[in-house]
Amino acid sequence: MQAIVIEQPGDENVLQLGSAPDPVLGPGQVRIAVAASALNRADLLQRQGMYPPPPGASSILGLECSGVISELGEGVSGWSVGDRVMALLAGGGYAEQVVVDAGSCMPVPPGVDLVEAAGLPEVCLTVFLNVFQLGGLEAGGWLLVHGGGSGIGTAAIQMAREAGARVIVTAGSEEKCARCRELGADVAVNYREANFAEAVAEATDGAGVDVILDSIGAPYLEGNLASLAVGGRLILIGLMGGAKAEIGLGALLMRRLQVMGSTLRARPEAEKAELARAFLARFGDSVASGAIRPIVHEVLSLEQAAEGHRRMKASEHFGKILLRVG
Ligand SMILES: NC(=O)c1ccc[n+]([C@@H]2O[C@H](COP(=O)([O-])OP(=O)(O)OC[C@H]3O[C@@H](n4cnc5c(N)ncnc54)[C@H](OP(=O)(O)O)[C@@H]3O)[C@@H](O)[C@H]2O)c1
């Protein structure tokens, strides 16, 4: 099959269209003829050799895809050949075929474009796990999301809005802030010009937010802790700004704060299947109705993967960059 192959880790130029063996279908898995895959920030790290795939996962990049089921593994029930699916992957998406545990697949509803659906699984399941399951965001609560224009941010805005929560985001330009507001953010702060902790205090009348979804890490830790309400939860899912910081433990005690870290990729398949089931039970109707939709910055061809990585590194995008495969 055709796939993006990497001979040696390195810059964008190592992403070359080549051929790779067809993946071997195991029990409990389905084979998907991939329609599209989507870029995630972690792909940039993996390309450089800094985020190796978990044991047993494909070494090909790509944490999600959409497509059509072309073969069922032994013991798979509930799916048929020809079904339109979107899937969370531990790797392998930048290719014509993937095999994945059947539990990591979700149906693509009739009104959702098959190519665009590739932009949903990773961001929706990450936000659901961290903001709703770990963070416990409720209707009427406040969420702060850093990087509102990211794939993760655009999903978080929509899901929080659907849940009846209020959302504050940070983003690096006025244009991205405006687009976040259009998508449903109550407040969007240009972090290059304003202090987000001050903006949070103003928006919440000094009370702070209930949940923070943070992918910046060290430089935002102090401001994040200052922005949490009593009993608030800070969920760390990325460290784009750095990994080492001092923490004022007094605030954690006195204001009963929780700081959690979380990754999705290396979780056992059974946990991912349960996560996908719970996400569909809570937000499946919103996906089917289009109230939660992939925010697509652009659709590139598979052989343009290097160009996609360059654009993501430059943070020019708003939402998801997709790679059309079929
Ligand atoms: N732990 C997990 O399971 C998990 C799963 C998925 C993703 N993630 C993480 O979530 C993060 C987002 O992923 P993604 O694929 O959605 O990334 P993405 O689309 O590439 O977006 C990242 C965005 O962050 C913004 N940003 C950079 N520095 C910032 C700052 N100081 N303050 C606020 N925003 C800033 C940039 O936009 P502007 O600066 O232009 O606003 C950039 O576009 C990554 O760190 C990724 O590794 C973690």
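How many bridges join β4 to strand β5 (residues 84-88)? The views below come from a predicted model, and the second of them gives the count.

View 1. The domain assignment of the chain gives domain 1, which covers 2-120 + 267-324, and domain 2, which covers 123-261. Taken over C-alpha atoms, the centres of domain 1 and domain 2 are separated by 26 Å. Domain 1 brings 17 residues to the contact, and domain 2 brings 15 residues. On the side of domain 1 that touches domain 2, helix α8 (residues 269-289) supplies the largest share, with five residues. That side of domain 1 is made up of 10 nonpolar, five polar and two charged residues.

**View 2. Antiparallel pairing of β3, β4 and β5.** Strand β3 (residues 29-38) and strand β4 (residues 64-72) run antiparallel and are joined by seven bridges, and Ala36 stands opposite Ser66 in β4. To return to the opening question, five bridges join β4 to strand β5 (residues 84-88), and this pair also runs antiparallel. Within β5, Leu88 is the bridge partner of Glu64.

**View 3. The shell around the ligand.** The ligand is surrounded by 28 residues, of which the closest are Gly147, Ser150, Gly151, Gly172 and Gly238. Two or more residues of this shell come from each of the elements α1 (41-47), α2 (121-134), α3 (151-162) and β9 (166-171). Sorted by class, the shell holds nine nonpolar, 16 polar and three charged residues. Because domain 1 (2-120 + 267-324) and domain 2 (123-261) both give residues to the shell, the ligand lies between them.

**View 4. The open sheet of six strands.** The six strands of this open sheet follow the order β10-β9-β8-β11-β12-β13, and their pairing is parallel. β10 (187-190) and β13 (258-261) stand at the edges with a single partner strand each, so one side of each is left without a neighbour in the sheet. From one strand to the next, the twist averages 15°. β8 and β9 run parallel and are joined by five bridges, and the bridge partner of Trp142 in β9 is Arg166. β9 and β10 likewise run parallel, with four bridges joining them, and here Ile168 stands opposite Val187 in β10.

**View 5. Strand β9 and its two sets of side chains.** In a regular strand the side chains alternate between the two faces of the sheet. In β9, Arg166, Ile168 and Thr170 point one way, whereas Val167, Val169 and Ala171 point the other way, and all of them are buried. Since six of the six residues of β9 are buried, this strand is largely enclosed by the rest of the structure.

**View 6. Helix α2 across the sheet.** Helix α2 lies across β8 (142-146), β11 (209-214), β12 (228-236) and β13, and runs at about 155° to β11. Of the 14 residues of α2, 12 are buried, so the helix is largely enclosed by the rest of the structure. Among the buried residues of α2 are Pro121, Glu122, Val123 and Cys124, as well as Phe128 and Phe132. Just after α2, Gly136 takes a positive phi of about 65°.

**View 7. Arg161 in helix α3.** Arg161 is found in helix α3, and it is partly exposed, with 19 other C-beta atoms within 10 Å. Leaving aside residues up to four places away in sequence, Arg161 touches Val167 and Gly184. The C-alpha atoms of Arg161 and Leu143 are separated by 10.0 Å, although these two residues are 18 residues apart along the chain.

**View 8. Two loop residues with a positive phi.** Arg256 lies in the loop between α7 (249-254) and β13, and its phi is near 50°, a positive value in a residue other than glycine. With 12 other C-beta atoms within 10 Å, Arg256 is exposed. Ser315 is found in the loop between α9 (305-313) and β15 (320-324), and it has a positive phi of about 55° although it is not a glycine. Ser315 is partly exposed, with 16 other C-beta atoms within 10 Å.

Methods. Residues are numbered from 1 along each chain as its sequence is written. This is a predicted model: local features need pLDDT of at least 70, side-chain atom pairs count only at pLDDT 80 or more; totals for chains, interfaces and linings use all residues. A residue is near a molecule or strand if its C-beta atom, placed from the backbone, lies within 6 Å of it. Ala, Val, Leu, Ile, Met, Phe, Trp, Tyr, Cys and Pro count as nonpolar, Asp, Glu, Lys and Arg as charged, and the others, Gly among them, as polar. Domain bounds come from an automatic or database domain assignment. Two strands pair if DSSP finds at least two bridges between them. Axes are lines fitted to C-alpha atoms, for helices over the stretch in contact, and angles run from 0 to 180 degrees between N-to-C directions. Two residues are in contact if their C-beta atoms, placed from the backbone, lie within 7 Å. A residue is buried if 20 or more other C-beta atoms lie within 10 Å of its own, exposed if 12 or fewer, and partly exposed in between; C-beta atoms are placed from the backbone.
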